[in-house]
Each structure stands twice: as C-alpha cells, then as structure tokens.
Amino acid sequence: MEDTTGKGKGKGKGKGKGRKPAPSAAAGSAMLLLAGVVFVGWLVVWAVFPTRTYSSTWAPKLATLTGFGKQAIRMLLFVFPVVFVYVVACVYLHLQKDGDHDTRSRTRWVFRTRMAAWRRPVLVRGPLGIVTPMELAFLLMLLVLLVWFYCAYVTTEFAKIRIKLPGEKLWQARLEKAARRLGTAGSLCVAFLFLPVARGSALLPLVGLTSEASVKYHVWLGNLAMVIFTAHGLCYISFWASTDQIDQMLKWARTRMANVAGELTLLCGLAMWATALPRVRRRMFELFYYAHHLYIAFILFCALHVGVTVFCFVLPGVFVFAVDRGLRFLQSRARVRLVSARLLPSQAVELNFAKSPCLGYNPTSTLFVNVPSVSRLQWHPFTVTSSSSLEPDTLSVVVTSRGAWTRKLYETVSSLPPSGGHLGVSVEGPYCAAAASTRFLGYDSLVMVSGGSGITPFISVIRELVHQSGAAETVQAPRLLLVCVFKTSAELDMLDLLVPVSGGLSAISRLDLRIEAFVTREGEPSAARKQAGREVWFKPWPSEAPVAPVLGSSGWLCLGAVVASSFAVFLVLVAALQRFYIYPVDGDTNHVYPWAARTMLNLLFLGASVAGVTGAAFLWNKRGSNDEEMKVKSVDGPTPGMSPVALLHWAGGVERELESLPAQPLLQATNVHFGHRPDLKRMLLGIEGENVGVMASGPQGMLEDVSTICSSGPASNLHFQSISFTW
C-alpha cells in the first residue's frame, strides 16, 4: 500500500546521497521492546481476567479510575493495548523505511541465521499444512492460554453455583455455566481472528509476515473458534432440552444475552466454515467467496448476542480490520490506468499498469484485481511480477487461464484491437512484508522451485536482482537456480517474462543464473512454442489514475495517525453516549437500557469514526498526489495511434518479434527437459554453500515435497520459504 522499500529515494551508486538520516538501532529496538511488553501485558490480562484476583481486586480499582463503568474498563484492558501496539508499529515501519537499508538487511540476516532452527519445517503433511517450530510453539501457547482461560472461568463459576430453577439438578446448572464459558473462550479466538486478514496492517510486517502467508493463521483460528462455538450452542440446546426450556431458543431478552442473535451468529459461522473446507473451496470458489461476506452478519449478530461490554473482547481485531477494509474500499473505487497487455500462446496474459513513482513494493508482493466487464464483484489476487526498482513507472501481474474468471479475462483482452482499445480495471494493494524484498540477498545460493503459474513470484525476484546487479557494484547477488515445472511446452513462454520488454536485457547476463525447465506431459517440443506473443495497447481515459499508495508516500505514519484518530473519535462518541444518554437512565447496572439499542449505537459510532477519518485521510492524500498523477500521465509512451511496428520500436528499440526480445539472454542459461519431473532431492542436496535459500511456489504437493527435503538431516544448509496461494 505504500513505499516499503525506499527504492524511490536516494538511488545511485553514491554512499547515502539523497537519503535521510537513519534512525538509531537503539531507538528501533526500544520501540520493538515497548510493543512486545505491551502485547505480553495484554496476554497477561486475558490470563488474569477469569480469576478472583481480577474480580475482587482489579475490577473495583479500575472502575474508580475510569468512571465510565464496565465498558470503559474493557476498552482500557482489551482494546487500547492493541491500538497502542499498532500505532507503535506504524511509527517503527515509517522510520525503518527511510533508514539504512544495508544495515537493516545485515541485521535481519544475522537474526534469521540465529533463528534458522526455529524456521525449519517440523510438520509437513497434515491438516495444519507446513508448520515451523516457531509457529508450533505459538500455537501451543495459544492453546494453553485458551485452556487456562476456560478452566479458570469454569472453576470460579462452579465454586459459586446456585440452583435457580425448581427441580434443576447440579449437573444441569454446571452444564449451563460450562456452556456459557465456552462462548467466552471462543471470544478469545475471535479476538485474534481478524488480525491476520487485515492485508495492509502494520502488525504483519512488524513480525515479518506477508498478507498471503498469514491467511493460514486465520484458518487455524477460524476452525478453533467454530469448534468452540458449535460446542457452546450444542451445550445450551442440551441444557434447555433437559430443563424443558427449549422455547428459550426463540427469546430475545431486553437486557440480557439475546439467544436468537446467538443462533444467527452460529448459523453464519457454520455457513462460512462449511464453504471454506479445502475441497469445497477448490471446487466452488465463488460459493466460498460470496459466503465469506457473511462475516458482516457474523459480527453484527455476535455483538447483539453478547452486548457491547462483552463485545469489547473482540473489538480490537474488528477495529483494525474495519480500518483496513475502509482503506481498501476507498482504493478499490478508483479506476487505474492499464497501459498494455501481453498475450502469451499458453493463454496467459501480462497486465501492465501505470504506477506512481512514489509507490514502492517488494518482490513477491500481491495485487488484487477487479475487472468489471468480467465480473463486478469478484476480486482475484495475483503476484506482482515487476520490480519497482527496474520499472519505476510500471506495475505488472501475470494471469494464467485456470478458471472461468481468468479464461473470460483472456478472451476479453484477446478480442480487443492491438491499439486504441479500453479495459476498465480496479486494484487493491500491492501488499507485502517489509523484510521480504532483501531476504534473499543474504544467501550464497538461491533455489527457486515452481510449478505452473507458481513461477510468477520468482519473476519479480529475478527482475529485482537484475536491477541490483547493475545499480550497485557492491551488491553480491546469490547464485540462482530456477527449477520450473510445466505441463506442456506452450507454458515455457512464461520464461520470456523473466526480463521485461522495456529494459534490462543485458543486465541479466551479469547474474549467475541457471534455469532447469521440465515439461511433464510431452516427450518433445510442441509447435505451440513457436508462436509469437501479441501486445495490446490501451487507450487512457481521463478518469483513470496510476496505481498509487492509498495514503501517500508516508503511508505508515499516516496509517498510524488514522488508527489513533479514529479510535479517539470513537471513544469520545461512546463516552458522550454513556455519560449523557445511557447513564441517566441505566446508571451502571446494564439492566434498564436495552442492550440491542446500545450495541447498535456503539457499532454505528464505530463505523462512523472509521469511515470519517479514513475518508478524510484518503481525500487529503489524494489532493497532494494529483500533480504527481498528471506527471505520470504525461510520460512519453505509446499512443493509440501507433502502428504495431512503431510499438515494437518503442518497446525494444529494435524491430523483432515480441517473444524473441527477452529470450536471447536466457537461451544459454536454460535447459529444457521433456517427459519427466525433476529429481528435487538430488538437485537440492547437491547445492553447495553454507547458506542456501530455497523458495517454493506452486501446488501444495510440491510445497510439501520441497519442505520435506529441506527439513531432513542432510539439508542443514537449506533454508525453506514457501509462497502459497490460500486466499
């Protein structure tokens, strides 16, 4: 969403020319330490909350301190720490963006070397996917916290249990208490549930995560939450049935938990859970996509079910996600300028967008694309194949024809004339991790293993290395081995995209690059490989703009200000509501004013504060970027009236077939094998060097195979990193 690399500033071979002074390492470490301490304190609050220590000691003192009742206490304990850590993360990332990138790179590499054992896969083939010891440790700590939270609550509740109904038995009373605290325990999972899917969140790059890699944590938390909530619902149904109160399922209490709202929450969750099963998701992606929009109803009914005070448990994740979703919505409303498209014989299409020079992104970043003429509602993620350093004014993605949406897109672009056509496109992103761009520079050798369209992330990596090898004499690029597996020889044209047509053809010869391509379903080359690609140039419309950071070049700092300001506005509105409208009627009893009305007002204020602040920040930054957009639109380039011959001259300076432009420098580095798959174990274990990076992108089976090899005993020098597509 912003320039996370700083590549648009201070470029050149001079030492630090044009760069801002780097913040001290001590200041950055202090900010990380502060954020870590606050986060650990937040977890301690979760651990202490169900105990008598909190109810008898903490709660009375906090009530006196805040003066606004239970809701204010929950805001202070559960919401404020997360918002504080988020703002600190934004400031830290802003300072790191303008700092000494070489020093940070070395520091990260030293840290990663020391933590290498914690990042090696320990679980490969299982329901959790590929799991490292670090991920397993955090998962176990979450489970321990969850079990403690539930057991402490149940123990406290059982100690003061009272029989309320005539004829009620002790086991039934305990069942009701256990069922209630299952719902509370599920809230702990939901408190984390939305944090991994806030794509532009500052929390993800702070801990070195990409938005696509964090999706699996959302899946883990969602599964765990739904298991607990399902047990919560079944236990209550059993309790009501055993005590002849089954009619309670239809009750909507005025000042207590609303049972109907809870049942609707569970139904929405079950619908999302069922359609998110891997088999259903793969076969009916559109059903999964549309069903997951039930999260809005899930949040609404959950708040109505538990009331605003209990909803504060999950409010931090909902608030962060709401800010992120609001900014994504504002960015997606604009039409971006699509400059050209390159059609490949394998029915893949490369889309080239105009980009603002202040937008920097890292290799393997992800861009979400919407084409209204294909589908107004569907958004699809694609890995960015361009390099913001090599191509400062262009952003590119490659779309392969694998489903109905992608096939229709290819047909739509194919039907357009070579020049003068138009295709309306909107985008979100690009999204990336702050450390992802320089992670591969610390290796002696880098092995990239891809299957089919999984080669696209490595296109951006190689293009970035092409730029760095030519821009700085001191940069020592790693030895590169690209192992790519295709079904047919027609897909070999994906290799032509390793170097853009616009430049960098000679620089790739400076890389120590070897390409091993495997065609599994053909015993000899196919005639389809001899076909040339076709370029389509689009006519720009005045309403279209280059892809730009949603909050400007200082996006992280602005994002921190947006989060802090919107939370402050929300607090002021809620405090005014509580003090001047609800308190005169209800006091602090929560037994007079209707829970539903109070909850809806709080949700309304939350939406209004987020929408108002994000909208104002977006418009403010858009005003400042209008001049820059005009400069990008006026850059010399192809026009709709150019002939195809002129277009080739403009693109490469030489009149040749489009396909042959990038092929010549790669010809000697490429070996093509037909009729069999690569022997990955032999190839990976045969790589020499103490630090060998192994990146894998493709089908899950391939990722598991590569991960198994890298986690074996003889592969102590291999450092595995997977790039999955689990959106």
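A salt bridge is a side-chain nitrogen of Lys or Arg within 4 Å of a carboxyl oxygen of Asp or Glu. The structure, a predicted model, holds 15 of them. In this model, local features need pLDDT of at least 70 and side-chain atom pairs count only at pLDDT 80 or more, while totals for chains, interfaces and linings use all residues. Residues are numbered from 1 along each chain as its sequence is written, and side-chain values use heavy atoms, with hydrogens and water left out.

D705 lies in helix α22 and R125 in the loop between α5 (116-119) and α6 (133-159), so the pair ties together parts 580 residues apart in sequence. Helices are DSSP runs (H or I, at least four residues), numbered from the N terminus. R125 is exposed at 52% relative accessibility, whereas D705 is partly exposed at 34%. The cut-offs are under 20% relative accessible area for buried and over 50% for exposed, with partly exposed in between (1.4 Å probe, protein chains only). E704, also in helix α22 (residues 700-710), is buried at 14%. The E704 side chain makes a polar contact with that of R125 at 3.0 Å. Such a contact is a pair of N or O atoms within 3.5 Å; within protein, one must be able to donate a hydrogen and the other to accept it, and residues adjacent in sequence count only if both atoms are side-chain atoms.

K177 and E157 also form a salt bridge (3.8 Å, N to O). K177 lies in helix α7 (residues 170-193) and E157 in helix α6, so parts 20 residues apart in sequence are tied together. K177 is buried at 13%, and E157 is buried at 9%. Elsewhere, salt bridges that share partners join R199, D324, R328 and E428 into one network.

Key: Helices (H or I, at least four residues) and strands (E, at least two) are DSSP runs, numbered from the N terminus.
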